[in-house]
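Q: I am new to this structure and would like a close look at one part of it. Could you walk me through the aromatic rings and the sheet and helices around them?

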Amino acid sequence: MSWGAISEMGPVSIRTSNLEQSVFDATQILGLRETKRTDGVSYLAAADVHHELTYVESDVDGLEALGLIAANGDALRDIRRRVEDEGFLVVSEKPTGEGVEDGFTFIGPEGFAFEISLGLQKAGIAPKGFGPNRYGHFNFHPQDHYGMVQFLTKVLDFRISDVIGTGGSRGYFLRCNTEHHGIAVLQGRGTFHHHAWEVQGVSDLTKAGDRLHALGRELLWGPVRHGAGNNIACYYKEHSGNVVELYTDIEQIYDDNREPVVWEDGEVWWNQWNDYLPEGFRALGLAPTPSKYRQNTLLVGGR
């Protein structure tokens, strides 16, 4: 069930300076399938779709684009009109990769690229041996986090599920369907922090820890029980420097009129079990990938 023009989260695209290592992390640690590789682009998925994550071979590590799926053709055209009305720069009038029937890409606030798609193709390949059920959400840290929330609600129809704190550095968890959040917005350095994947249960989190340990690596944090969203989660860092989250048991919201839950200043929303947060955790992540199209001074309205 979707609430508006966006029905679900779409593929995330990341530029990587070591394509083979990034694909190794995605397949051997996270448990995705590589559905196709062509021209320096690896397409990966957990669910039965063409892709939910792409790695683009590059000389830099960075965020290429954030994907969202339009509810239908009318919704896709409506979002396109809103983007134009707000003055954001459209950089592609068609899908930039394979496996998508229709879509367009534009540069949103602070240089983040958003690809709005329709008709993500099925993969039609054999099931994987282990890994998550599907891609679920992303978390990023724009400098003007309030402006980003205005953009997400006004242009892309997201609803606010939780508000973190009451001061100038508050955060927001937003949804486009019944899942508590598809996007989390916390104030930061203008970076993308993590992409998150739903697993079947807590044992899948411990198995991910086992796989990391066998490779001489480790979890950054978790398992923890978040307050906002109520999900149990763990985190690790992939080759690109980005963070990956595995989660289960997230809150479902079936009332579109549900008022946002407000976490007052000082309330421990990040972990119900204790107040521990790893030092430097929020400093991790990727900047939007520089290109001739990006205008880092763009704010909401884009004018």
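A: Let's start with a charge and a ring: Arg-80 lies over the face of Phe-104, at 5.7 Å from the ring centre. A charge counts as sitting over a ring if NZ of Lys or CZ of Arg is within 6 Å of the ring centre and within 35 degrees of the ring normal.

Before going on, please keep in mind that this is a predicted model, in which local features need pLDDT of at least 70, side-chain atom pairs count only at pLDDT 80 or more, and totals for chains, interfaces and linings use all residues. Residues are numbered from 1 along each chain as its sequence is written, and side-chain values use heavy atoms, with hydrogens and water left out.

Phe-104 also belongs to one aromatic cluster, together with Phe-88, Phe-106, Phe-114 and Phe-151. The structure holds 15 aromatic pairs. Rings of Phe, Tyr and Trp (its six-membered ring) pair if their centres lie within 6.5 Å; planes under 30 degrees apart are stacked, over 60 edge-to-face, and the rest tilted. Phe-106 and Phe-151 make an edge-to-face pair, 6.1 Å centre to centre with 65 degrees between the planes. This pair links distant parts of the chain, 45 residues apart: Phe-106 is in strand 7 (residues 100-107) and Phe-151 in helix 3 (residues 145-154). Helices (H or I, at least four residues) and strands (E, at least two) are DSSP runs, numbered from the N terminus. Both Phe-106 and Phe-151 are buried, meaning under 20% relative accessible area, where exposed is over 50% and partly exposed lies in between (1.4 Å probe, protein chains only).

Eight strands form an open sheet with mixed pairing, in the order 2-3-4-1-5-8-7-6; two strands pair if DSSP finds at least two bridges between them. Its edge strands, strand 2 (33-38) and strand 6 (89-92), each pair on one side only. Strand 1 (residues 6-16) and strand 4 (residues 53-57) pair in the parallel sense over five bridges, and Ile-14 stands opposite Tyr-55 in strand 4.

Finally, the helices. Helix 1 (residues 19-30) lies across strand 1, strand 2, strand 3 (41-45) and strand 4, running at about 160 degrees to strand 2. Helix 2 (residues 73-85) packs on the sheet and touches strand 1, strand 5 (62-70), strand 6, strand 7 and strand 8 (113-120), its direction making about 15 degrees with that of strand 7. Contact here means heavy atoms within 4.5 Å; axes are lines fitted to C-alpha atoms, for helices over the stretch in contact, and angles run from 0 to 180 degrees between N-to-C directions.
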